Structures are given as structure tokens and as C-alpha cells.
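Thanks, everyone, for making the time.

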Amino acid sequence: MNIDVITGPTASGKSALALERARSDRTIEIVNADASLLYIGFDIGTAKPSRTEREEIPHHIIDILPPSQQFSAADYSSLARKIIREIISRNKTPLIVGGTAFYIDALFNGLSITDADQADLDNARNRYENELAKNGFENMLSMLQSVDKILFEQITRERNPRRLLRAWEFYYATGSPLGQARQHPPEPFEYLPTFTVLLPERSILNEKIVHRIDEMLSNGWLAEVEKLLRDGVTEEMQAMKAIGYRTLVEVLRGKKELLVARDEIIVQTRQYAKRQTTWMKRYVKL
């Protein structure tokens, strides 16, 4: 049995197409594959499906986490597989929808140590280097014990700085321990994907991105960020990695003008869409 997957870069029209299909086939239940939709309170800036849409069509793996909680690709794969099996057991039809390619790969192929997105690895390396400068080798090694016991024991014996870098780099990028990933080869899902990949022309996608961001700002995105800060959400939390949120925090703190922030968010989103497009072109042939 194959499972339909709708994917593509941000603002390419995935959610609209998914709703169109679900309205024409009432057996369909949508399974989210977008990391930014997991977190409670992050609605406008993530283009989360509305409550009305979610009441009309069953949606899964949306609004399941507090902003501070980590959630890895391995966590996603385990949860999504469980939900898909449950949907099928009820004679319903799962439809996977989202643009987090690492989640989709982990769902169908299992978590591989070679699958981490290069941009995530680059960001993870920068984060590690900052943490290393602040804490030093010994403290970073000691902290590794709580997230990757397998490599902690090996690196404690070898005292190898490059291996410590690699362990933290992989953990920061994926949320999963590298030692465990190496010990347990990825297990493919029993179902195969059938992809619908939305890849608009670059100029058209860029226009859609600008329109979406302007619409988000008009709909109260800045106020949403302000409320999140009042509720105790901090910039260090996992959910705040979603594009635009930290930039709008700077606006609220008087460090940046809103129009400047808007332009920066547009650039960030276009860069992300370009990375997504490069990754997702692989799916066109599947």
C-alpha cells in the first residue's frame, strides 16, 4: 500500500491542495509533516490551518507540544507511523502534508546519520562552537552524558575533540543521539510514499512568500509574538526557531524597525524555500 504525500517549499500551496483533496474524499485525514506546526501558540507566523479547517477535516500532529519541548525527527517518525497505522485500521486514508523534508525521510526510511539537512548541520556547528567557547571541552563532554551515553563513554576514553564536535553537531541538528543512530540502522516504513511535489517557478514562489508574510503581519503576527513573550516563551526555546519569530522579538524590544524586520523575514523565507526545493527535487522521481 502506498501513502500519498503532498510536499513542497513554504508558500507553495500544500495546505490548500490537501484541503481540496480531503473535501472531495471524506475518508482522508491529514497528517502534518511540518515542524513549525507542532507548537501550541505559534499560529499566525506558521500559517497553521485554522481551527475551522481542523474541525472540518481531521488533522494530526498539530498543536501537540509546549514551546520549550524538543522534538526530533526520530520522535516524529515514531509518532507519525503510529498515527498512520491507526488511521488505516479505521479504514480511513492518511494524507501526509508538510515541508519538513527531514521528517518525511525519517518517516518512510528511518533516521539515517547521513540525512541531516546541511543548513541544520551548519547552524548546529555554529551553536556548538559558541557553547564550547563558553563552557570548555570538559563541560561539553560532561553534558554529553545526558543526551548521548554511547558516545560519551567512547569520547571519554579517546579524548577526541572532533568526535565531540560531531556528537553535538548531530544532536543539535536532529535532536537524536548519534551513538544510537549508528547502533541501530534505519528501519523503513511498511508503507511506501506517492509524492505530489509542488515546485512553483522561483519568481512565482517569491511573490507568494511576500504576499504570505504581509498577510501574516496584517493578521496580527507581531501581537502573537508579544503574547508568547508575556506567556514566558523565550528566544532559546525550540519553537522560536520558526522563521520570523526571533526577528519580531527584536522589533518588540526596539532593536529593529518593523519594515526592516519584514524585509529580513522575506529573505530568510526565500532562502529556506530554496533549500527545501533543492531537497524535494529528489521526490519528483519517486
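**Helix 3 and its surroundings**

What you see here is a predicted model, and I will begin with the contact in which Ala73, Tyr76, Ser77, Ala80, Arg81 and Ile84 of helix 3 meet Phe102, Tyr103, Ala106, Leu107, Phe108 and Asn109 of helix 4. Sorted by class, this contact consists of nine nonpolar, two polar and one charged residues.

Two packed helices are described by the angle between their axes and the distance between the axes. Here the axes of helix 3, residues 73-89, and helix 4, residues 101-109, come within 8 Å and cross at roughly 60 degrees, and the two helices are therefore oblique to each other. The crossing in which helix 3 passes helix 4 is right-handed.

As for the length of helix 3, its 17 residues should span 24 Å at 1.5 Å a residue, and this agrees with its end C-alpha atoms, which are 24 Å apart. After helix 3 comes Asn91, with a positive phi near 60 degrees.

Which residues of helix 3 are buried? They are Ala73, Tyr76, Ser77, Ala80, Arg81, Ile83, Ile84, Ile87 and Ile88, and what covers them includes strand 1, strand 2, strand 3, strand 4, helix 4 and helix 7.

Let me finish with Asn32, which lies in strand 2 and, because its relative accessibility is 3%, counts as buried. Leaving aside residues up to four places away in sequence, Asn32 touches Leu37, Leu38, His60, Ile61, Ile62, Tyr76 and Val97, and Tyr76 is one of the buried residues of helix 3.

Note on methods: Residues are numbered from 1 along each chain as its sequence is written. This is a predicted model: local features need pLDDT of at least 70, side-chain atom pairs count only at pLDDT 80 or more; totals for chains, interfaces and linings use all residues. Side-chain values use heavy atoms; hydrogens and water are left out. Axes are lines fitted to C-alpha atoms, for helices over the stretch in contact, and angles run from 0 to 180 degrees between N-to-C directions. Helices (H or I, at least four residues) and strands (E, at least two) are DSSP runs, numbered from the N terminus. Angles under 35 degrees count as roughly parallel, over 145 as roughly antiparallel, 65 to 115 as roughly perpendicular and the rest as oblique. A crossing is left-handed if the near helix is turned anticlockwise from the far one by less than a right angle, and right-handed if clockwise. Contact means heavy atoms within 4.5 Å. Ala, Val, Leu, Ile, Met, Phe, Trp, Tyr, Cys and Pro count as nonpolar, Asp, Glu, Lys and Arg as charged, and the others, Gly among them, as polar. The expected span of a helix is 1.5 Å times one less than its number of residues. Buried means under 20% relative accessible area, exposed over 50%, partly exposed in between (1.4 Å probe, protein chains only).
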